[in-house]
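Subject: Structure for you, with notes

Hello,

Here is the structure I promised. Please open it first, then read my notes below.

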Amino acid sequence: MVTYRTKIEIIGDILVSAQEKTMEQDGASIMHLIRNVNISHTRLSKILSNLVSQGLLEQVNSDRAYKYRISVVGKDFLGEYKKFNKFTSDFGLTI
Amino acid sequence: MELFLEGILNLIGFIVGLIIGGFSYVGYKNTGSPVLFRLTIAFFAIGIGFGIIWSAYITNEIFFEEEKINRGIQALGLGIQTIGYFFIAFSHTIKSFFPKSRYFRSVGILPLFFLSVMNIEHIIRAFSFILLVYGAIETIVSYIEGKQKGTLAVGVGLALLAFGEFIAWYSLIFPETVLYSISIIIKISGLLSLFIPISKLPLKKIKFDDDLDQE
């Protein structure tokens with residue numbers, strides 16, 4: 001059965017991916033996020049600009065392309081997301 | 001004895017409902033998740049429903065020194081609880097709970113005009129039972145898929161509430177027996193089981209300036 005991710009789950013996946021790359025490198029590139037999160041470029045761009053404007057991600061200039069790093073607020077949000085994701089899954093639901 | 005247990009049940013239901021509802025609300029504010037919004041409505045409704053019945057018992061005992069409460073207030077409290085159970089079941093995507101045909105809708109509403117408050121209370125209890133069974137089955141199916149202990153606790157909690165409701169219903173056939181007291185004890189166990197997962201989560205609130213739901 002095909003299961004669709006909710007918008008909040010996609011945001012969670014983006015933040016997790018960006019957090020991993022923030023620790024390893026300068027941040028996650030768009031290509032890395034497209035592959036890792038499994039989302040189209042158009043949709044990802046919209047969500048990224050939203051997350052940057054909300055202060056959850058930081059856009060940094062790298063050699064040739066933008067990279068995205070998770071901010072302090074983003075880390076806090078990710079912590080809350082994980083906590084409430086666990087809470088809703090305890091009810092057999094998806095956040 | 002029954003009155004004492006009834007008081008404990010309603011007080012625990014009131015507290016557990018408000019705590020889980022409050023926690024869901026914090027989650028909704030911090031993540032903007034519609035599922036958490038539905039859980040907020042569900043558990044606040046369950047808590048308020050239990051709270052209404054509990055306060056009616058307390059008021060009756062203190063001011064009127066009567067053991068039985070008004071049937072209308074009892075039906076109101078149970079009705080609000082049923083709304084809460086509905087939202088839990090609704091979160092598991094009930095697609096065709098109500099009949100779609102106009103004929104069935106009208107026939108479904110018609111008997112309400114001929115029923116007394118006592119009968120309405122039993123119908124509300126029956127609805128609660130169906131919704132609780134549905135919620136319990138869906139949650140246990142999720143447990144089988146995910147194998148998370150918290151999910152099992154919630155599934156067992158909903159199942160115990162449903163079983164308690166069933167026994168309470170059955171006690172009408174055999175009144176003046178211990179069945180009603182047993183049903184209350186089962187329901188208390190169900191509420192405590194629902195509280196197990198939330199008791200393991202850290203209760204901390206953080207605030208975000210903007211609403212995340214603007215894509």
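Start with one term: helices (H or I, at least four residues) and strands (E, at least two) are DSSP runs, numbered from the N terminus.

This is a predicted model, where local features need pLDDT of at least 70, side-chain atom pairs count only at pLDDT 80 or more, and totals for chains, interfaces and linings use all residues. Residues are numbered from 1 along each chain as its sequence is written, chains are lettered from A and ligands numbered from 1 in the order in which they are written, and side-chain values use heavy atoms, with hydrogens and water left out.

**The cavity**

A cavity is a set of points on a 1 Å grid over the protein atoms alone, where a 1.4 Å probe fits but cannot get out. Lining residues have an atom within 4 Å of a point. Points are joined across faces, edges and corners, and a volume is the space filled by probe spheres set on them.

The structure holds 1 cavity of 30 Å³ or more. The largest cavity has about 110 Å³ of space. Its lining has 16 residues. Nearest its centre lie Leu9(B), Phe50(B), Leu78(B), Arg125(B) and Lys187(B). In chain B, α1, α2, α3, α5, α6 and α7 each give at least two lining residues. The largest share, 4 residues, is from α3(B).

**The second largest pocket**

A pocket is an open set of points with protein on both sides within 12 Å along at least five of seven lines. Two or more lining residues come from each of α1 (2–31), α3 (71–91), α5 (117–146) and α6 (149–170) of chain B. The largest share, 4 residues, belongs to α5(B).

**Where the chains meet**

Contact means heavy atoms within 4.5 Å. Chain B brings 33 residues to it and chain A brings 26. The two chains bury about 2,600 Å², 67% of it on carbon and sulfur atoms. Buried area is the accessible area (1.4 Å probe) that two parts lose on being put together, summed over both.

How many salt bridges cross the interface of chain B and chain A? The rule finds 0; it asks for a side-chain nitrogen of Lys or Arg within 4 Å of a carboxyl oxygen of Asp or Glu.

Best wishes
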